[in-house]
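Colleague: I should like to learn how to read a model of this kind, feature by feature. May we go through it together?

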Amino acid sequence: MTVTGVVLRHHEDNRPSLLLSAEENQMVVTLVGPRCQTLATTVAQVYRSEGPGHNFRWNKRTCGVICFVKDNLRRSYFIRVYDMDRTVLVFDQEIYNQFRYKAPRPYFHTFEGDDAQIGLNFADETEAEFFQQTVESKLNERRNRRERRQQGRRQQGGNSGHSNGAAKHGVANGDQGGGDGGGKGVGVAPLQAV
């Protein structure tokens, strides 16, 4: 594959926003970085609710292009917001294990950030819905993978009945290989007293 093919492939993997021009979408790809992929891109304002129980009013923090990013270098997913005028990252939230994404309104979504409740006020409801579906799909995928892993561990630890794995190798408890105990002999010499 040629270098040009890699660049084209990189561009195809990123989901553009219909609210942005082709040049702006390309700038987003550049800002996201070569080892990252934006799975959803749109425009939103970021709000923050601080204080005990997050009962205070929402305070606008920034506005920009919001991306749901798969970061291959860090092997994680992030919600990132970029200021297109200054071409800088202005908000970065990693998707942690117990992350909950909520959509109390079609255009306003919330989640618990690292140190405050975060609100996203989207410019377009259709793109907000796609953003929500993409985030929730990835959250469900991770949750299912984690549950399968835990279920596999439980089955490994609970089904054998023998803590040392001897049954896997044809040696059962109490069977010394002579066949007298009703079990099948497997050619193992009986234990001898020392």
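Colleague: Where is Thr-87 placed, and what is its phi?

Modeller: Most residues other than glycine have a negative phi. Thr-87, however, has a positive phi, near 50 degrees, and lies in the loop between S3 and strand S4 (88-94). Arg-75 also has a positive phi, near 55 degrees. Its place is the loop between strand S2 (59-71) and S3. Is Arg-75 buried or exposed? Arg-75 is exposed, because its relative accessible area of 76% is over the 50% cut-off.

Colleague: Which elements have the lowest and the highest mean pLDDT?

Modeller: Where pLDDT is low, the predicted coordinates should not be read in detail. Here the chain averages a pLDDT of 82, and 72% of the residues score at least 70. Among the elements, helix H1 (residues 3-13) has the lowest mean, 48, whereas strand S3 (residues 76-83) has the highest, 98. Over residues 1-12 pLDDT stays under 50, and the model has seven contacts beyond four places in sequence for them. Residues 174-194 also stay under 50, with twelve such contacts.

Colleague: How many disulfides does a search of the whole structure find?

Modeller: A disulfide is a covalent bond between the sulfur atoms of two cysteines. The search of the whole structure finds zero. Concerning individual cysteines, Cys-63 is partly exposed, with a relative accessible area of 38%. Cys-67 is buried, because its relative accessible area of 0% is under the 20% cut-off.

Colleague: How many cavities of 30 Å³ or more are found, and which residues line the largest cavity?

Modeller: The search finds one cavity of 30 Å³ or more. The largest cavity has a volume of about 50 Å³. Its lining consists of Ile-95, Tyr-96, Asn-97, Leu-139, Arg-142, Arg-143 and Arg-146.

Methods:
Residues numbered from 1 in each chain as written. Predicted model: local features only at pLDDT ≥ 70, side-chain atom pairs only at ≥ 80, totals over all residues. Heavy atoms only, no water. Disulfide = S-S within 2.5 Å. Buried < 20%, exposed > 50% of the residue type's maximum accessible area, 1.4 Å probe, protein only. pLDDT = per-residue confidence, 0-100. Helix = DSSP H or I, 4+ residues; strand = E, 2+ residues; numbered from the N terminus. Contact = heavy atoms within 4.5 Å. 1 Å grid on protein atoms, 1.4 Å probe; cavity = no way out; pocket = protein on both sides within 12 Å on 5 of 7 lines; lining within 4 Å. Points joined across faces, edges and corners; volume = space filled by probe spheres on them.
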